[in-house]
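Please keep the sequence and the model in view while reading.

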Amino acid sequence: MKRAYLQTDDDIAARASAPGDAAIAVVRTAGPGSIERLARVFSRPGILLAAPSHQAVYGRIVGPGKRPVDEVLALVFRAPAGYTGQDGVDVLCHGGQTVVDAVMETLTAVGFQRALPGEFTFRAFINGKLDLARAEAVDELVKARTAGARGNALARLGGELSRRLELLHRELVRLAAACALRLDYGEDESPEDFLDERAALAAVRDGCANLAATYRVGRLLRDGARVVIAGRTNAGKSSLFNCLLKQERAIVSSQPGTTRDYVEAVLDLDGFPVTLIDTAGLRDSADLVEGEGMRRSRLLCEAADLVLYVVDAVAGLEVGDQAFLSEVQRPLLAVWNKLDNSAAGAAPADGRRWLGLSALDGQGESALVAALRTALVGMPAAGEALPDPDGLAITSDRQRQALLRAVAALDDALGLLGSGAIDQPEGVAETAFVHAGFGLDMVAVDIQAALAALGELSGETTSADILDALFSSFCVGK
Ligand SMILES: Nc1nc2c(ncn2[C@@H]2O[C@H](COP(=O)(O)OP(=O)(O)O)[C@@H](O)[C@H]2O)c(=O)[nH]1
Ligand SMILES: [Mg+2]
């Protein structure tokens, strides 16, 4: 039978370290009976069973007939300490694949179940060691590809997002209580006018909206972006590729058609992982219209988050370039390269913003990088700081959707409280709507809806299906 995450009484085991040969591998176990179960295949069961939490016990994993399987160090964790909050032992064995396989076989033979992806973290979540926002950060920390992505995941793992959410949540609970109190007192004996809380409600709404807006940065930190360098052969695509990467990755040649297929590498763009793809050149006009190079470049461009289209300023804009530029449906930056060459012409006045560059001497590079960053991360809205990879950012669409649901509910509530009401002139019964008892009960409903949405972020009110989907995308052993 297929196991489920909620079977938290099972003793589970999985390799927690990366596959492949290494000096040491970690096989992690957890579950209420895990220490006793492991003792059945451990050469020094008495010492293991008596070990206090966090103690390392040296010994051997032994199979049937006391046949030694491997020499190991067993790190004992006792509930509620340890990662999962359950009893568990991290077994440090030798790192070869066959060793790990043999240890895992020995463990499953005495009843350990193979852990599902993310099952250890799921248990940590269920046992209150981590809320959902922090649990999600664990997986991202493991998969982070740049220092910026790592820093963001680590901050969320450390609880920065959870704290921010907690503040919003607490303020909403206060508002819900104030609203309930006002409803209880009825029309005339209102201890305070709930309209006074409009600003507080709006502040929570803005807090949720601002967090939701960090998704763009967070997603980019987590997934990175694909940037394809396209253009005719000899335009300087490979030179630009190398220039951005600060290394000679792609072959640069004055011989047309050197880059036959494509080359890709990860560029750390101010902390954002950008996969840069140098494509094969488009050889001549026939090639541009129907050639294989064109077809492949176009396919790569279609899957790109952004296209860097390079034109040789000495050769100038040709028909093929124009055809390509008019066809590409993706966001694009047009690059006018080889400006160092005295024969370079002026960029075409075709209404498009051309970024001047010399991939050879680097002039225009920093402006190009800035334009690239702006195009990928987006322009800050008025009054907003430039998106910052070191700032706190949410990385999952699930989190964004929940925040947007909270925003929508609070917008409803604010609408009921009447946006214009407060500014109305004397004599107008600006509070009549609320005082008459209309609306305030609906405001209360909206606040509860917003609270429920925030609860989904921390995992307080997240359904089992969502939890399943979420944790199953984790690595096994995490
Ligand atoms: N003067 C000058 N030459 C360049 C520049 N960028 C590339 N080249 C030269 O143009 C030729 C083709 O460059 P390459 O990067 O291989 O072009 P690709 O075919 O588009 O990849 C090489 O001889 C490069 O040295 C530049 O900015 N200035
Ligand atoms: Mg090339």
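What percentage of the contacts in the chain with a separation of 6 or more is accounted for by residues 24 or more positions apart? The share is 66%, where contact means heavy atoms within 4.5 Å. This is a predicted model, in which local features need pLDDT of at least 70, side-chain atom pairs count only at pLDDT 80 or more, and totals for chains, interfaces and linings use all residues. Residues are numbered from 1 along each chain as its sequence is written, chains are lettered from A and ligands numbered from 1 in the order in which they are written, and side-chain values use heavy atoms, with hydrogens and water left out.

**The chain as a whole**

- The chain contains 18 helices and 12 strands; these are DSSP runs numbered from the N terminus, helices being H or I with at least four residues and strands E with at least two.
- Of the 478 residues in the chain, 48% are buried, that is, under 20% relative accessible area with a 1.4 Å probe, counting protein chains only.

- S1 pairs with strand S2 (residues 24-30) in the antiparallel sense over four bridges; two strands count as paired if DSSP finds at least two bridges between them.
- Alanine 14 stands opposite arginine 28 in S2, and the bridge partner of arginine 28 in S5 is aspartate 90.
- S1 and strand S6 (residues 113-114) run parallel and are joined by two bridges; alanine 13 has arginine 114 as its bridge partner in S6.
- Strand S5 (residues 88-94) is mostly covered, with five of its seven residues buried.
- S5 is joined to S2 by five antiparallel bridges, and five bridges also join S5 to strand S4 (residues 68-77), again antiparallel.
- Leucine 73 has leucine 92 as its bridge partner in S5.

**The six-stranded sheet**

- Six strands form an open sheet of mixed pairing, in the order S8-S9-S7-S10-S11-S12.
- Strand S8 (262-269) and strand S12 (354-356) stand at the edges, each with a single partner strand, so one side of each has no neighbour in the sheet.
- Strand S11 (residues 332-337) and S12 run parallel and are joined by three bridges; the bridge partner of tryptophan 336 in S12 is glycine 356.

Technical notes:
Buried means under 20% relative accessible area, exposed over 50%, partly exposed in between (1.4 Å probe, protein chains only).
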